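Opening the notebook on this one. I want to go through it piece by piece and jot down what I find.

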Amino acid sequence: MIYTSIIVPAVRMHIPALLGPDPAASPLFQLLAPRSGERVIDATAGLGGHSFAFARAIAPAGELTCIDADVLNLESARAKLGASSVHQTFIRANFRDIATLRLQPADILLADLGLSSPHVDDPERGFSYRHTSPLDLRFDRSRGATAAELLRTLGHDRLARAFRELGELRQPALLARALCEARASGKTPQTTDALRAIVEETYGWRAPSVLPQAFQALRMLVNDELGALSELLLAVPSLLRPGGRCGVISYHSLEDRLVKRAFRSLTTPQIDMRTGQETAPAAFVLLTRRPVRPDAAEIQRNPRVRSALFRAISRRDAGGILPS
């Protein structure tokens, strides 16, 4: 869905990851190097923090496409961008569907994975165990099953695997068993409070450290975040012009592993299996041999970015040469 007219709410405070007080001096901008007149795709627009900085860098004749699964985020992003001179397009979609949107290849593609601040701060969204709310956890509330609905249907083994792999819980079977027992007695949690109570009863004094892991696992499961990321990464070659740059900010080890593997594949030359000789150069080049992390000053300003990992690649130009 492409938005041409929307009702704009008050713009909420937001600190975009890895930009800092001076975006032009940030590692993110130093690596992605936005220039006047370029075309940028922000695959996770959120509240528009990164988009706003890109709009200033590519003005006056640049093009900016903002994508987000959450219509309220798109409204806030559009309000923040205001009357910027760049051509703006706002699309409500999950970035897993980006290959179907028929976008023109861009000079820059950015994806900032995970939660935007309103998801955590808005009690009605059910993303935080600190608020009392329905157990929803969907980025796009117009489709898909809620966390409460999944807990009514998923079996013990599937839940335990999700808590182990997505939440990195120790003894994940304990929580899976407790949830299945609650369901058997007709007490499947429908609210964040009810889930919190089960976690606290199951883990006792360890509950404060388990709660964020449990909610993270359910959120990633509800939104199929790893599946969505895989689809986005597969689409990267079709979304970038020669000389184009792609950056991904991840917050979870499994996300970062997917990004690392995808970028390694794209930046590995073709090799003759018999001779070991290179038969064709890689179409892309790594811009970050190791992930860029927020420094201590940024973590102090914005503690939510403490686990952020940024990786980037660049497509060779039509002659196989890296952009300057």
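**Helix H9**

I started with the buried residues of H9, and they are Ala207, Val210, Leu211, Ala214, Phe215, Ala217, Leu218, Arg219, Met220, Leu221 and Val222. A reminder to myself that this is a predicted model.

What do those buried residues pack against? I looked it up: the partners are helix H5 (147–151), helix H6 (156–165), helix H7 (172–184), helix H8 (192–203), helix H10 (225–239) and helix H11 (253–266).

Then I checked the length of H9. The helix runs over residues 207–222, which is 16 residues, so at 1.5 Å a residue it should span 22 Å.

**Histidine 252**

Next I went to histidine 252, which is found in the loop between strand E6 (240–250) and H11. Buried or exposed? Its relative accessibility is 5%, and buried means under 20%, so histidine 252 counts as buried.

I followed its side chain to two backbone atoms. One is the backbone oxygen of leucine 166, reached at 2.8 Å. The other is the backbone nitrogen of leucine 254, at 2.9 Å. Setting aside neighbours within four places in sequence, I listed the contacts of histidine 252 as Glu165, Leu166, Glu168, Gln216 and Met220. Met220 is also on my list of buried H9 residues.

**Aspartate 107**

I found aspartate 107 in strand E5 (residues 106–112). This one is buried because its relative accessible area is 8%, and the cut-off is under 20%.

What does its side chain reach at 2.8 Å? I traced it to the backbone nitrogen of arginine 39. The side chains of aspartate 107 and arginine 241 are also joined, by a polar contact of 2.9 Å. Leaving out neighbours within four places in sequence, aspartate 107 is in contact with Glu38, Arg39, Leu240, Arg241, Gly244 and Arg245.

**Aromatic rings**

How many aromatic pairs does the structure hold? I counted one. The rings of phenylalanine 29 and phenylalanine 54 have their centres 5.0 Å apart and their planes at 20 degrees; under 30 degrees counts as stacked, so this pair is stacked.

I placed phenylalanine 29 in helix H1 (residues 27–32) and phenylalanine 54 in helix H2 (residues 49–58), so the pair ties together parts that are 25 residues apart in sequence. Phenylalanine 29 and phenylalanine 54 are both buried.

I also looked at phenylalanine 52. The charged end of lysine 80 sits over its ring, 4.9 Å from the centre.

**Cysteines**

I searched for disulfides and found zero. Cysteine 66 has a relative accessible area of 0%, so I put it down as buried. Cysteine 246 is buried too, with a relative accessible area of 2%.

**Whole chain**

Last, the overall numbers. The chain has twelve helices and ten strands. Of its 324 residues, 50% count as buried. I also looked at contacts with a separation of 6 or more: residues 24 or more positions apart account for 70% of them.

Technical notes
Residues numbered from 1 in each chain as written. Predicted model: local features only at pLDDT ≥ 70, side-chain atom pairs only at ≥ 80, totals over all residues. Heavy atoms only, no water. Phe/Tyr/Trp six-rings, centres within 6.5 Å; stacked < 30°, edge-to-face > 60°. Helix = DSSP H or I, 4+ residues; strand = E, 2+ residues; numbered from the N terminus. Buried < 20%, exposed > 50% of the residue type's maximum accessible area, 1.4 Å probe, protein only. Lys NZ or Arg CZ within 6 Å of the ring centre and 35° of its normal. Expected span 1.5 Å × (residues − 1). Contact = heavy atoms within 4.5 Å. Polar contact = N/O pair within 3.5 Å; in protein donor to acceptor, adjacent residues only side chain to side chain. Disulfide = S-S within 2.5 Å.
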